[in-house]
Amino acid sequence: MPNISVDVTGFYFGISNVDVDTNDSVGDAMRKAVAKSVSDNAADPSQPVLIFESDSASGFCTRLGAIHFEPPQSRQLNNPEGLDLQAGIYVYEDKALGQTLVPSWQYYVIDEDRRPKTRRDPASGDRYIVPNESSNVAGDGGVPAALELAEGDTIIWRLITIAFGRSGPLPAPSVIEQIQRATEVDLMQSMRPKKFSL
């Protein structure tokens, strides 16, 4: 029975020593991570509890986060952003379409050497990164072919934003010409927030 870890990037949550079966889907593994976080919290009330919900029809993750009973610790050295982290619920939903920017939870599986888990194409032998689970995988269904969870694997979740609509209309031809003439440094200086200016 493999022993894996789960990290939720940006939500200050990580859990290790989650026992899973090799043929568990990522959804199965996440539910076991939730159960372990609950038992860890029962033993030590300061430990955070993982939140994971998936749609029963599609199987995709719909809600992910953690309940922190003490102020969570940022892994950034010396907290350079001056984050005011407090105890409470840190959770975000995977939003439906209908808005320009859509937050979406995505996961990655890496092995104990921090290499992305790969699958091999049965015909060519080519390796490729494990994709997001399809509808019959992330829920109660099966697993992708050749993806088996192994000792020391880590499932990493990241919340990304997808643009489903433009930020604005096309710029005027003169602006496009200016962009084309600009050097990379000039372009970065003009487009970056002041905080990140060169």
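This is a short talk through one predicted protein model, from the whole chain down to a single residue.

Hi everyone, let's start with the overall layout. The protein chain has 3 helices and 9 strands. If you walk from the N terminus, the elements come as β-β-α-β-β-β-β-β-β-β-α-α. There are 198 residues in the chain, and 30% of them count as buried.

Next, please look at the start of the chain. Asparagine 3 stands opposite aspartate 19 in β2. Together β1 and β2 make a hairpin, with 4 residues between them. In that turn you'll find glycine 10, whose phi is positive, at about 85°.

Finally, let's visit aspartate 111. Where is it? Look in the loop between β6 (101-110) and β7 (118-120). Is aspartate 111 buried or exposed? Aspartate 111 counts as buried, because its relative accessibility is 15% and the cut-off for buried is under 20%. What does its side chain reach? The side chain of aspartate 111 comes to 2.9 Å from the backbone nitrogen of aspartate 113. If we set aside neighbours within four places in sequence, aspartate 111 is in contact with Lys117, Gly152 and Asp153.

Conventions: Residues numbered from 1 in each chain as written. Predicted model: local features only at pLDDT ≥ 70, side-chain atom pairs only at ≥ 80, totals over all residues. Heavy atoms only, no water. Pairing = 2+ DSSP bridges. Helix = DSSP H or I, 4+ residues; strand = E, 2+ residues; numbered from the N terminus. Buried < 20%, exposed > 50% of the residue type's maximum accessible area, 1.4 Å probe, protein only. Polar contact = N/O pair within 3.5 Å; in protein donor to acceptor, adjacent residues only side chain to side chain. Contact = heavy atoms within 4.5 Å.
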